[in-house]
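Let's take a walk through a protein together, one step at a time. Have the sequence and the 3D view ready before you read on.

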Amino acid sequence: MLRELDPLLHSQLRLAVVSILMSVDEADFVYLKEKTNSTAGNLSVQLDKLSEAKYITIRKEFVGKKTHTTCRMTNKGRKAFENYVNALKDYINIK
C-alpha cells in the first residue's frame, strides 16, 4: 500500500522552500523569495503554514529600520521531508 503524501509539503512553493532549507543551515526571506521566484505575500503565507506545523522556525529581527527574517528547518520538518521523499520513491518504485 502506498503511503499518503504529506499535503503540507505537496504544495509546490512549500516543497521548494523546504527543499532549499534542507540544503542550508538557514536562509533569509529575500533569498527564499529569489530562489522560488515567489511574491513576498505568497511566500509569507506559505512560511507561516510551515511554521505553524513546526516544520520550520522563523526568526525576525531588525537590522537598522528593516525587518530581517530568517528561516531554518526543525527536526520535525526534516523528518517530514524525509518521509515525503521516501513516499515519492514508493510511488515511482525506486528503492
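Does asparagine 37 count as buried or exposed? With a relative accessibility of 73%, asparagine 37 counts as exposed; here buried means under 20% relative accessible area, exposed over 50%, and partly exposed in between, with a 1.4 Å probe and protein chains only. You will find asparagine 37 in the loop between helix 2 and helix 3. Its phi is positive, about 55°, although asparagine 37 is not a glycine. For background, most residues other than glycine have a negative phi.

Before going further, here is how to read the values. This is a predicted model, in which local features need pLDDT of at least 70 and side-chain atom pairs count only at pLDDT 80 or more, while totals for chains, interfaces and linings use all residues. Residues are numbered from 1 along each chain as its sequence is written, and side-chain values use heavy atoms, with hydrogens and water left out.

Now look at the whole protein. It has four helices and three strands; helices (H or I, at least four residues) and strands (E, at least two) are DSSP runs, numbered from the N terminus. Starting at the N terminus, the order of the elements is α-β-α-α-β-β-α. Along the principal axes, the C-alpha atoms fill a box of roughly 55 × 25 × 20 Å. Of the 95 residues, 35% count as buried. Among contacts (heavy atoms within 4.5 Å) with a separation of 6 or more, 54% are between residues 24 or more positions apart.

Let's start with helix 1, residues 12-22. Its buried residues are Leu13, Arg14, Val17, Val18, Ile20 and Leu21. Looking down the axis of helix 1, these fall within an arc of 160°, so they line one face of the helix; the arc is that of the directions from the helix axis to the C-beta atoms. The cover over these buried residues of helix 1 includes strand 1, helix 2, helix 3, strand 2, strand 3 and helix 4.

In helix 2, Phe29, Leu32 and Thr36 are buried. Seen down the axis of helix 2, they fall within an arc of 65°, so they line one face of the helix. Glu34 and Lys35, on the other side of helix 2, are exposed. The buried residues of helix 2 pack against helix 1, strand 1, helix 3 and strand 3.

How do helix 2 and helix 3 meet, and at roughly what angle do their axes cross? The axes of helix 2 (residues 29-36) and helix 3 (residues 40-52) come within 10 Å and cross at roughly 110°. That makes helix 2 roughly perpendicular to helix 3, a term used for angles of 65 to 115 degrees. The residues making the contact are Phe29, Leu32 and Lys33 of helix 2, together with Ala40, Leu43, Ser44 and Leu47 of helix 3.

Helix 3 also holds glutamine 46, which counts as buried because its relative accessibility is 9%. Leaving aside residues up to four places away in sequence, glutamine 46 touches Ser11, Leu13 and Arg14. Glutamine 46 and leucine 15 are 31 residues apart in sequence, and their C-alpha atoms are 9.9 Å apart in space.

Finally, visit lysine 54, in the loop between helix 3 and strand 2. Lysine 54 has a positive phi of about 65° although it is not a glycine. At 54% relative accessibility, lysine 54 counts as exposed.

How values were computed. Axes fitted to C-alpha atoms, helices over the stretch in contact; angles between N-to-C directions. Parallel < 35°, antiparallel > 145°, perpendicular 65-115°, else oblique.
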